[in-house]
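Please find below a colleague's note on the model under review. It is set out as numbered points for reading beside the sequence and the structure.

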Amino acid sequence: MIGIENIIFLIVAAVGIGLFVWQIRKIRKNVLMGRDVELTDNPSERINKTLLVAFGQQKMFKRMLPAVLHLFVYVGFIVINIEVLEILIDGIFGTHRVLGFVGPLYSGLMAINEILAALVIVSCAIFLWRRNVTKVPRLWKGPELRAWPKLDANIILITEIVLMLALFVFNIADLKRVQLAGEEVVGAYPISRFFVDIFGNDPEQLYTIAKVGWWFHILGILAFMNYLPSSKHFHIIMAFPNVYYSKLLPKGKFTTNPAITHEIKAMLDPSYQPPAPEVDAEGNPVIQRFGAKDVEDLTWKQLMDSYTCTECGRCTAVCPANVTGKLLSPRKIVMDTRDRMEEKGEHPAIFAPNHYKELGEERVETTDEKTLLRGYITPEELWACTTCNACVEACPVNIDQLSTIMDLRRFLVLEESAAPSSLNAMFTNIENNGAPWAFSPADRFNWAEDLYVPSKN
């Protein structure tokens with residue numbers, strides 16, 4: 001029977017879900033700020049990659065301990081959501097364990113839920129230990145790991161532990177109440193049955209404790225759901241589409257600019273006719289920007305990358321430039337892109353990128369320019385990149401950090417001619433001599449004149 005409690009629950013659930021949808025629309029608007037790019041080719045290969053990398057956690061298993069712990073949290077998140085569905089139905093319609101009619105299947109589901117909930121608590125506790133006691137370097141160091149990212153990681157882990165404990169409080173108190181009433185126990189509870197006596201034998205008290213645990217668990221889930229868009233934990237949603245739309249080309253293959261390609265073809269073949277310049281709706285020529293200076297110059301996929309970042313630091317930990325003490329941190333490039341995007345566009349309910357940027361010690365000296373390049377990311381960071389793709393290979397959710405770095409570099413070279421002097425000399429040599437070296441093509445084989453070459457005669 002539907003009562004006042006169910007109506008209150010319905011209102012709370014509607015507000016929580018509505019607020020989450022409102023934040024998702026903001027993030028979608030931010031991502032669509034980027035340039036369009038076609039990434040719908042080879043759907044079978046994309047689905048296969050999504051099943052392996054996103055659902056199968058393939059890249060996580062390069063490091064076994066965090067992979068196993070993360071697997072417990074990941075599977076627990078998916079399976080426990082089935083119980084959340086039951087809680088929503090019970091809350092709206094005033095039922096109790098409404099899915100219990102499936103019998104043994106329900107018992108198996110509840111048993112798996114409890115085991116996974118216990119493993120989630122253990123895993124999160126170990127993750128907290130690694131972050132705050134042993135201080136794994138990639139989770140602790142870096143100019144991008146200011147106060148907020150560190151606090152965010154701890155909030156996520158503590159919240160997950162509290163939510164699982166609330167679930168156990170509900171199950172333990174409800175199980176004892178049912179046993180005292182002589183009713184049939186719906187479901188199997190392999191963990192809760194060991195603690196069934198800790199809340200006493202008072203039926204009214206047990207009913208109250210179960211209610212508190214039930215409400216705390218569902219309110220916590222609704223609150224946590226609305227925390228996600230402001231958190232790195234948003235990757236639990238974005239990882240799947242990001243992997244699906246990830247790069248299928250060989251990692252070493254760079255994209256080209258069509259306008260420059262046409263120009264080179266015309267230089268090599270005078271008979272080549274470049275296509276007519278692109279015009280807008282009013283027939284005026286579209287002024288094209290070469291490379292990227294700000295977030296709207298990047299593609300929507302590059303902006304989606306920034307919302308998918310788990311801030312795990314695997315990319316930075318394997319970056320040869322970072323390891324040798326240079327300024328570049330691929331993780332910072334991705335996080336800076338997200339911060340600039342939310343500064344320029346919309347930001348979720350909690351996150352405040354300007355405030356975040358001011359916290360902590362700045363190792364990278366940026367300017368006051370209100371653009372992604374120089375305002376967040378400096379040329380020194382970009383030119384430190386060796387384009388080795390180690391960061392791309394290490395990322396567990398297929399983020400392409402290198403594509404953003406290359407587009408920012410292209411702007412420096414093609415729009416500002418602001419490449420390092422050594423590169424400008426190389427560009428001049430390629431233009432004049434057809435090679436990176438300052439020698440005439442006619443002298444190309446001078447090096448072989450004094451070599452001993454055996455003759456057939």
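1. Basis. This is a predicted model, in which local features need pLDDT of at least 70 and side-chain atom pairs count only at pLDDT 80 or more, while totals for chains, interfaces and linings use all residues. Residues are numbered from 1 along each chain as its sequence is written, and side-chain values use heavy atoms, with hydrogens and water left out.

2. Aromatic pairs. The structure holds 9 aromatic pairs (rings of Phe, Tyr and Trp, the last by its six-membered ring, with centres within 6.5 Å; planes under 30 degrees apart are stacked, over 60 edge-to-face, the rest tilted). One of them joins phenylalanine 234 and tyrosine 307 edge-to-face, at 6.3 Å centre to centre and 75° between the planes. Because phenylalanine 234 lies in the loop between α7 (203-227) and α8 (235-244) and tyrosine 307 in helix α10 (residues 300-308), this pair ties together parts 73 residues apart in sequence. Helices are DSSP runs of H or I with at least four residues, strands are runs of E with at least two, and both are numbered from the N terminus. Phenylalanine 234 and tyrosine 307 are both buried (under 20% relative accessible area; exposed is over 50% and partly exposed in between, with a 1.4 Å probe and protein chains only).

3. A second pair on α10. Tyrosine 245 and tryptophan 300 also form an edge-to-face pair, with 5.2 Å centre to centre and 85° between the planes. The pair links distant parts of the chain, 55 residues apart: tyrosine 245 is in the loop between α8 and α9 (258-268), and tryptophan 300 is in helix α10. Tyrosine 245 is partly exposed, at 24% relative accessible area, whereas tryptophan 300 counts as buried at 14%.

4. Tryptophan and lysine. Phe9, Trp214 and Trp215 form one aromatic cluster. The charged end of lysine 211 sits over the ring of tryptophan 214, 5.6 Å from its centre (NZ of Lys or CZ of Arg within 6 Å of the ring centre and within 35 degrees of the ring normal). Likewise, the charged end of lysine 150 sits over the ring of tryptophan 140, 4.2 Å from its centre.

5. Annotated spans. In an unreviewed UniProt entry, the annotation "transmembrane region" covers residues 6-24, 67-89, 109-130, 151-173 and 212-228; such annotations may be inferred rather than shown by experiment. Residues 109-130 are 100% helix, with end C-alpha atoms 31 Å apart. Residues 212-228 are 94% helix, and their end C-alpha atoms lie 24 Å apart.

6. Largest pocket. What is the volume of the largest pocket? The value is about 1300 Å³ (on a 1 Å grid over the protein atoms alone, a pocket is an open set of points with protein on both sides within 12 Å along at least five of seven lines, whereas in a cavity a 1.4 Å probe fits but cannot get out; lining residues have an atom within 4 Å of a point). The pocket is lined by 45 residues, with Arg35, Thr255, Thr256, Pro258 and Thr299 nearest its centre. The elements giving two or more residues to this lining are α9, α10 and α18 (401-415), and α18 gives the most, with 6 residues.

7. Largest cavity. The count comes to 6 cavities of 30 Å³ or more, and the largest cavity holds about 90 Å³ of space. Of its 14 lining residues, Cys319, Pro320, Cys385, Cys388 and Cys391 are the closest to its centre.

Key. Grid points are joined across faces, edges and corners, and a volume is the space filled by probe spheres set on the points.
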